[in-house]
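Work through the exercises below with the sequence and the structure in view. Try each task before reading its solution.

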Amino acid sequence: MGTNFNEDRREAPLEPWAAQFRHALSMRGRPESKLKWYLVWARRFVAYLSDKSLHLATLEDVQGFLSTLSSSSGTGAWQVEQAADALTILLGSIFGQAWARSIRIPDPPPPSDVPLPKGDGPIERLRYAIRCRRYSVRTEESYVIWVSRFLAFCRNGGVDQDSDSVRAFLERLVLADRMSASTQAQALNALVFHFKHVVGSPFGELGDFQRSRRPRKLPVVLNREEVRRLLEAIETVYRLPVALLYGGGLRLMEALRLRVKDIDLDRRQISVRDGKGQKDRVTVLPERWRERLAAHLVEVRKVHARDLELGYAGTTFWPALERKYPGAPREWAWQYVFPASRLCVDPATGQARRHHLHETSLQRAVRYAARKADIAKPVGCHTLRHCFATHLLESGADIRTVQELLGHSDVSTTMIYAHVLNRPGLAVRSPEDG
């Protein structure tokens, strides 16, 4: 018979330092719901030390423990960060170890299927840390640009890499270069990552510094007639993906990365996988385009069959998932709904694969169609997502429903569309209308 773990489970006896540890965590603003997990990491570290007392622990002990966690396939990066935070507070505040402030989170083991940069300069180490965490290529290039500019700023000004130089660099972006708030925030995120994972010590509090003001701008929204004219003016090959941007409220890359398995024609649903913020959601498939999408998939399947006859390696795929399911890239369910017209060569493997339609082609098509339809508004692919949300609210849809369909984490983000309705506020009338 199996053991009944629910019956045998007992509370572990409190250690002499546990009460002080809980108090220190609360004083530092750690959530009450997380305190038990901080205690778990502390106890696991005690077990790692074996018979060695906590007050005799060294920085090497901590780094060895964190490296073991980092190399464990069942432990996420956020858990390693939480464990490092727990040991910093435990050893620094409770046991008074000054070196606990220099605890560094180790890089996870490098993935075997991702090319790693050569060299030992700060930019190479930055790329290494980014690729170990499997950040996107766009994030890597963005972080490299900002860290390179920051390093050049420090060299030209003859200053050290510390919180003062970070503050001066961010203020220069606003005062001299007149950067926007989003650009300044992006630079700050890059420097936070650089100091945390490359330098090895966070730069701490920046204090008050000149921040770029984030202007409140209402989204550009087309009326229904303008959307109709836009869809009629767009090239036939791009009409269906653009129609889904509007009909399903999809972001540009969400539409292009759709795979056949994400389309449910019978239930009239589109499943968005790994969207912004690595979140999944379900949105609506417009009835008007359902039959056209079904016919489009028939043609895509013919292309897929020809590719299989030529012996191609399949669609572009996640390396780790392909190791688990080697045949998946060639299966019909995993093919892109909007595939590229030509095969590409995977730089990592040298194999011929079929990627999705490139985003710039769709962006150019939408801009050209807006000019052709004589729409006197700045129109882009994301404009159609704004139209989706606004027109739903105009039709009487609940704000929470719209929030779910858009995939917003906070309803306040969705509320901006309430300000661009045809009858905002309390539906007041102009005094000119009597």
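Predicted model: local features only at pLDDT ≥ 70, side-chain atom pairs only at ≥ 80, totals over all residues.

Residues are numbered from 1 along each chain as its sequence is written, and side-chain values use heavy atoms, with hydrogens and water left out.

**Exercise 1. Describe the chain as a whole.**

Step 1. Start with the elements: the chain has 18 helices and five strands. Helices (H or I, at least four residues) and strands (E, at least two) are DSSP runs, numbered from the N terminus.

Step 2. Of the 434 residues, 41% are buried. Buried means under 20% relative accessible area, exposed over 50%, and partly exposed in between, with a 1.4 Å probe and protein chains only.

Step 3. Take the contacts (heavy atoms within 4.5 Å). Among those between residues at least 6 apart in sequence, 60% join residues at least 24 apart.

**Exercise 2. Find the largest nonpolar core and the elements that build it.**

Step 1. A nonpolar core is a set of buried Ala, Val, Leu, Ile, Met, Phe, Trp, Tyr and Cys residues joined through side-chain atoms within 4.5 Å. The largest one has 44 residues, and Leu230, Leu250 and Leu362 have the most contacts inside it.

Step 2. Elements that give two or more residues to this core include helix H10 (224–233), strand S2 (269–272) and helix H16 (381–394). The largest share, seven residues, comes from H11.

Step 3. Another core, of 29 residues, lies apart from this one, and Val62, Ala83, Leu87 and Ile103 are among its members.

Step 4. Now look at Leu362: among the residues it touches are Tyr238, Val242, Leu256 and Cys381.

**Exercise 3. Is Leu405 buried or exposed, and which residues does Leu405 touch?**

Step 1. Locate Leu405 in helix H17 (residues 399–406).

Step 2. Its relative accessible area is 14%, so Leu405 is buried.

Step 3. Leaving aside residues up to four places away in sequence, Leu405 touches Arg281, Val282, Thr283, Val284, Phe388 and Leu392.

Step 4. Leu405 and Leu250 are 155 residues apart in sequence, and 8.9 Å apart in space, C-alpha to C-alpha.

**Exercise 4. Explain which strands stand at the edges of the three-stranded sheet.**

Step 1. The sheet is open, with order S1-S2-S3 and antiparallel pairing. Two strands pair if DSSP finds at least two bridges between them.

Step 2. Strand S1 (263–264) and strand S3 (281–284) each have a single partner strand, so these two are the edges.
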